[in-house]
Protein chains: 4
Amino acid sequence: MSGTAVTRESTIEFRVRYAETDQMGVVYHSHYLVWCEIGRTDLIRQLGTSYASLEKDGIGLAVIDASVRYHSGAKYDDLVRVRTTVTDVRSRTVKFDYRIEDATTGMRLASASTTLASINREGKLVALPAEVRKLMEDARS
Amino acid sequence: MSGTAVTRESTIEFRVRYAETDQMGVVYHSHYLVWCEIGRTDLIRQLGTSYASLEKDGIGLAVIDASVRYHSGAKYDDLVRVRTTVTDVRSRTVKFDYRIEDATTGMRLASASTTLASINREGKLVALPAEVRKLMEDARS
Amino acid sequence: MSGTAVTRESTIEFRVRYAETDQMGVVYHSHYLVWCEIGRTDLIRQLGTSYASLEKDGIGLAVIDASVRYHSGAKYDDLVRVRTTVTDVRSRTVKFDYRIEDATTGMRLASASTTLASINREGKLVALPAEVRKLMEDARS
Amino acid sequence: MSGTAVTRESTIEFRVRYAETDQMGVVYHSHYLVWCEIGRTDLIRQLGTSYASLEKDGIGLAVIDASVRYHSGAKYDDLVRVRTTVTDVRSRTVKFDYRIEDATTGMRLASASTTLASINREGKLVALPAEVRKLMEDARS
């Protein structure tokens with residue numbers, strides 16, 4: 001009756017790959033954006049659809065803005081956890097926030113956010129389809 | 001009268017690799033951070049040293065903050081140009097700005113900035129060595 | 001009493017990342033070698049140690065030879081399975097074979113093998129430590 | 001008497017990216033396949049066409065087999081040279097060989113070969129178009 005707000009968060013864990021390290025002995029910084037994408041893919045799946053199926057329907061979500069703050073370096077074979085939430089939904093864009101942490105110790109490794117824009121098959125900006133927008137709004141924290 | 005301000009900018013060009021594209025048909029967004037690193041490496045070389053030699057001397061520069069705005073998608077085999085400048089120098093950090101553009105048309109593809117912190121061999125934050133700080137300050141635009 | 005031969009195989013599953021696709025719409029071919037490394041890491045863990053701890057003890061395993069046959073292209077978000085076995089152990093080298101398959105359908109995606117050489121901290125070829133060699137020999141199929 | 005055999009070889013140089021190193025302090029082994037692709041792209045361009053334009057015409061070349069022998073580890077910022085030749089042309093496949101070397105010292109870093117199959121837009125194996133086959137045959141060493 002009272003329209004409870006449900007905050008959805010995806011939590012996914014995986015191990016750091018050797019390929020992701022660099023000669024500093026920690027994960028090269030660009031890979032955190034790949035990890036964000038893993039979290040985003042998982043969150044969309046938990047919302048009841050999948051990014052793969054969105055693309056099949058002709059909807060792409062292209063990253064138009066990304067920022068990452070690096071707090072501590074992830075190391076090879078560490079178990080990493082990515083927590084993903086939706087933080088803003090507009091007619092054509094969705095913003096996701098991420099907290100990346102060491103799954104064993106809980107220590108924060110990085111904080112990130114990305115804004116994605118809805119595009120059609122030709123790569124043009126289009127409004128988010130109503131049902132996708134609703135899904136994202138329902139997930140907004 | 002003396003004290004001429006010299007703004008240093010690195011300009012480097014290379015072709016987009018097939019490996020850098022994704023199934024959207026454009027470059028996957030995390031690779032732009034790799035391109036920034038290429039620009040940064042080139043700028044440091046032009047300042048008269050090299051990041052490789054800094055590391056041999058025990059000085060690392062670790063990315064602690066990165067942000068990218070994506071304007072237009074780079075495509076396979078496109079010739080890309082990265083323009084890199086130093087925009088801020090502090091006791092322990094240096095900030096670099098990047099403009100990534102299509103080298104053929106001059107169209108802007110992305111704008112980015114990264115802040116790097118000076119670390120020692122153990123990964124601890126340390127002050128930038130005086131000579132490195134001076135190099136960076138001389139290059140500041 | 002009779003010294004039964006135990007064949008050890010690691011089986012590990014994960015989803016294809018968007019970053020791993022290319023503009024052909026399938027996984028870019030070099031990433032299969034990264035997946036082999038994931039399988040290898042998992043097999044070594046199942047043998048009772050970890051590659052990370054071997055490195056801490058000063059033992060590196062460097063890939064000196066790799067070959068991959070690609071049978072069918074993995075797609076974004078597919079669940080992939082890597083089966084890894086040890087197929088040859090010599091004084092300084094270990095050979096691993098991999099079968100990479102679609103975890104949902106069982107279809108073979110690729111077959112691969114890599115030979116790794118034991119190196120010390122200076123990158124010089126050295127004999128496999130006796131206990132590592134024994135582990136590998138016990139795992140040999 | 002006429003019909004001179006012209007052996008074509010592409011030679012291309014570039015610097016090792018920090019992102020390509022791993023915690024062993026050398027280039028992670030899968031990246032050599034990316035470098036082979038750079039050599040292949042360059043060779044096709046020198047033959048008078050481009051792989052990008054082949055794809056626009058609906059012809060894909062998919063890697064179906066790859067092998068690499070690693071001789072010495074490339075390091076960050078090293079100038080690397082890739083020499084690429086066509087070594088076999090069949091109705092549906094082309095084989096390329098690669099010699100990857102340190103451009104400064106000439107030392108061999110890796111030897112590789114890849115076989116690529118001609119596919120159409122649906123990913124089905126098709127015969128190489130006559131003009132592409134002729135180009136490749138003319139380049140065969």
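Predicted model: local features only at pLDDT ≥ 70, side-chain atom pairs only at ≥ 80, totals over all residues.
Local features are taken at pLDDT of at least 70 and side-chain atom pairs at pLDDT 80 or more, while totals for chains, interfaces and linings use all residues. Residues are numbered from 1 along each chain as its sequence is written, chains are lettered from A in the order in which they are written, and side-chain values use heavy atoms, with hydrogens and water left out.

**View 1. Strand against strand.** Strand E2 (residues 60–70) of chain A and E2(B) run antiparallel, joined by five bridges (strands are DSSP E runs of at least two residues, helices H or I runs of at least four; a pair needs at least two DSSP bridges). Look for A:Ser67, whose bridge partner in E2(B) is B:Ser67.

View 2. Chain B and chain A each put 23 residues into the contact (heavy atoms within 4.5 Å). The copies meet through the same surface, because 100% of the interface residues of chain B are also interface residues in chain A. Together they bury about 1,800 Å², 53% of it on carbon and sulfur atoms (accessible area lost on being put together, 1.4 Å probe, summed over both parts). On the chain B side, B:Met24, B:His29 and B:Tyr70 lose the most area, together 27% of what that side buries.

**View 3. A salt bridge from B to A.** Here B:Asp65 meets A:Arg69, 3.0 Å from N to O. E2(B) gives the most to the side of chain B that touches chain A, with eleven residues.

**View 4. Chain C on chain A.** This contact pairs 18 residues of chain C with 18 of chain A, and about 1,500 Å² is buried, 45% of it from carbon and sulfur atoms. C:Arg17, C:Tyr18 and C:Tyr76 lose the most area in chain C, together 39% of what that side buries. C:Arg17 also forms a salt bridge with A:Glu20, at 2.7 Å from N to O; the interface has four salt bridges.

Methods
Buried area = accessible area lost by both parts, 1.4 Å probe. Salt bridge = Lys/Arg side-chain N within 4 Å of Asp/Glu carboxyl O.
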